[in-house]
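Here is a short report for a reader meeting this structure for the first time. Look over the sequence and the model, then read on.

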Amino acid sequence: AKHSRHRAMASSYLGTAVSVGSMFTRLPQIRKIHASQSVEGLSLGMFVVDTGCNTMSALFHHSKGFPVNTYGECLAFVSQNFAILALFAKLHPNPEARRIFVLAVGAYLGFVTAVSRNPKTCGRPLEALQSLNAASCQLARVPQIITNYRNKSTGQLSVVPWLLNLIGSAIRLYTTRQQLKGNPILTAGFSASVIVNAIIVAQCLYYRHGKGAE
């Protein structure tokens with residue numbers, strides 16, 4: 001029992017550390033886009049789908065009454081993704097992109113507010129959607145992997161967020177087992193996340209040294 005308490009405490013601290021650390025994971029990417037005034041090599045679709053997946057995951061955890069330190073990074077990723085999407089809209093040659101972005105944000109906030117206020121009513125649909133999240137959130141990263149492979153370059157993609165995502169996903173496998181009794185839906189999602197993030201980190205390191213062009 002003593003060891004169980006220690007594991008639970010360690011898991012709680014690790015979960016909090018992941019949540020806090022995730023607030024900074026995508027700042028290097030945001031700074032890189034802002035400095036270069038370019039989104040070259042970045043997949044817009046990946047960030048859009050990733051935002052949706054993290055939103056659904058946060059709503060799922062909320063509906064289950066799980067502690068915030070088990071899903072805090074989802075909230076952090078969504079806020080940082082919106083900053084990146086805003087840069088996409090700003091740098092897009094079509095001025096209509098900004099208007100579309102504002103309308104999309106408004107619709108998004110309306111949806112999140114409605115669902116979060118009715119966790120019991122939306123509980124079962126959210127559970128079904130979270131099952132799809134395990135696959136769709138990682139499939140959202142496939143276009144980025146393909147883009148990197150085709151270009152033989154990672155362009156303005158920053159390796160730091162992906163490396164931190166990889167570490168965070170590995171930690172979440174442990175905290176899910178300890179705090180959430182190894183919830184199978186979440187375990188599957190984090191396992192897939194470890195694999196996909198590892199691939200992108202490997203691409204960043206490989207193409208950074210120009211090996212892809214040889």
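## Aromatic pairs

The chain holds five aromatic pairs. One of them joins F82 and F101, whose ring centres are 6.5 Å apart. Their planes meet at 65°, so this pair is edge-to-face. A pair needs ring centres within 6.5 Å, and planes over 60 degrees apart count as edge-to-face. F82 sits in helix α4, residues 72–91, and F101 in helix α5, residues 96–116. The pair therefore ties together parts that are 19 residues apart in sequence.

F82 has another partner, Y108. That pair is edge-to-face too, with 5.0 Å from centre to centre and 70° between the planes. F82 is in helix α4 and Y108 in helix α5, so the pair ties together parts 26 residues apart in sequence. Buried or exposed: which describes F82 and Y108? Both are buried. F101 is partly exposed, with a relative accessible area of 22%. Buried would require under 20%. F82, F101 and Y108 form one aromatic cluster.

## The chain as a whole

This is a predicted model. How many helices and strands does the chain have? It has nine helices and zero strands. Along the sequence the pattern reads α-α-α-α-α-α-α-α-α.

The chain has 214 residues, and a compact globule of that length would have a radius of gyration near 17 Å. The chain has 18 Å, which agrees. Along the principal axes, its C-alpha atoms fill a box of roughly 55 × 40 × 25 Å. Of the 214 residues, 43% are buried. Take the contacts with a separation of 6 or more: 83% of them join residues 24 or more positions apart.

## Surface and charge

The accessible surface of the chain comes to about 11,400 Å². Carbon and sulfur atoms account for 66% of that surface. What about charge? There are 21 positive and 6 negative side chains. The centres of these two sets lie 11 Å apart.

Helix α2 spans residues 27–36. Which of its residues are buried? They are P28, Q29, I30 and I33. An α-helix has 3.6 residues a turn, so residues three or four places apart point the same way. The buried residues of α2 pack against α4 and α8.

Just after α2 comes Q37, with a positive phi of about 55°. Leaving aside neighbours within four places in sequence, V39 is in contact with I33, F88 and L91. I33 is one of the buried residues of α2.

V39 and L157 are 118 residues apart along the chain. Their C-alpha atoms are separated by 8.5 Å.

## The loop between α7 and α8

S158 lies in the loop between α7, residues 142–151, and α8, residues 159–179. S158 has a relative accessible area of 9%. Buried means under 20%, so S158 is buried.

Which residues does S158 contact, leaving aside its neighbours within four places in sequence? They are P28, Q29 and K32. P28 and Q29 are among the buried residues of α2. The buried residues of α2 pack against α8 as well as α4.

How values were computed
Residues are numbered from 1 along each chain as its sequence is written. This is a predicted model: local features need pLDDT of at least 70, side-chain atom pairs count only at pLDDT 80 or more; totals for chains, interfaces and linings use all residues. Side-chain values use heavy atoms; hydrogens and water are left out. Helices (H or I, at least four residues) and strands (E, at least two) are DSSP runs, numbered from the N terminus. Buried means under 20% relative accessible area, exposed over 50%, partly exposed in between (1.4 Å probe, protein chains only). Contact means heavy atoms within 4.5 Å. The radius of gyration is taken over C-alpha atoms; the globule rule is 2.2 Å times the number of residues to the power 0.38. Accessible areas come from the Shrake-Rupley method with a 1.4 Å probe; for residues, only the protein chains shown count as cover. Lys and Arg count as positive and Asp and Glu as negative; His and the chain ends are not counted. The place of a charge is taken as NZ of Lys, CZ of Arg, CG of Asp or CD of Glu. Rings of Phe, Tyr and Trp (its six-membered ring) pair if their centres lie within 6.5 Å; planes under 30 degrees apart count as stacked, over 60 as edge-to-face and the rest as tilted.
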